[in-house]
Amino acid sequence: MSEKLSNEAVQYILSTILDNANNMLKDCDNSEYCQGQKQAYYEILDSVKTALLARNQDLKEYGLDFDLEKKFL
């Protein structure tokens, strides 16, 4: 049996991912490893952002109302 996630659950999951991404950025240097982490977070969050936009969701409710490229690339 599969259950659908509530908006609140999705918001919580995304806030955890965003917290982890922000913590990574604080400690990030210019190493290849760090650049790979930035790229990975960008790809994940961009995919989620695109899916939310396709469903006419308010990005602000999910904490994704910012320019991902400026932050991660």
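**Disulfides**

I looked for disulfides first, taking a disulfide as a pair of cysteine sulfur atoms within 2.5 Å. By this rule I count 1 disulfide. C28 and C34 form this bond, and their sulfur atoms lie 1.5 Å apart. The model is predicted, so local features need pLDDT of at least 70, side-chain atom pairs count only at pLDDT 80 or more, and totals for chains, interfaces and linings use all residues. I number residues from 1 along each chain as its sequence is written, and side-chain values use heavy atoms, with hydrogens and water left out.

Is C34 buried or exposed? I call a residue buried under 20% relative accessible area, exposed over 50%, and partly exposed in between (1.4 Å probe, protein chains only). C34 has a relative accessible area of 4%, so it is buried.

**Helices**

Next I went through the helices and strands. These are DSSP runs, numbered from the N terminus: helices are H or I with at least four residues, strands are E with at least two. I find 3 helices and 0 strands in the protein chain. Along the sequence the pattern reads α-α-α.

**The nonpolar core**

Then I turned to the core. A nonpolar core is a set of buried Ala, Val, Leu, Ile, Met, Phe, Trp, Tyr and Cys residues joined through side-chain atoms within 4.5 Å. Which residues of the largest core touch the most other members? They are L14, L45, L52, L64 and F72, out of 14 residues. Helices α1, α2 (32–54) and α3 (68–72) each supply at least two residues of this core. Helix α2 gives the most, with 5 residues.

L14 touches L45, V48, L52, Y62 and L64; residues up to four places away in sequence are not counted.

**A surface patch**

I also checked the outside. L5, Y12 and I13 form a nonpolar patch on the surface. Patch residues have over 30% relative accessible area and no salt bridge; like charges are joined within 9 Å, nonpolar side chains (Val, Leu, Ile, Met, Phe, Trp, Tyr) within 5 Å. A salt bridge is a side-chain nitrogen of Lys or Arg within 4 Å of a carboxyl oxygen of Asp or Glu. Together the three have about 350 Å² of accessible area, by the Shrake-Rupley method with a 1.4 Å probe, where only the protein chains shown count as cover for residues. Y12 sits in helix α1 (residues 7–27). Y12 counts as exposed, at 58% relative accessibility.

**Whole chain**

Last, I noted that buried residues make up 22% of the 73 residues.

Notes. Contact = heavy atoms within 4.5 Å.
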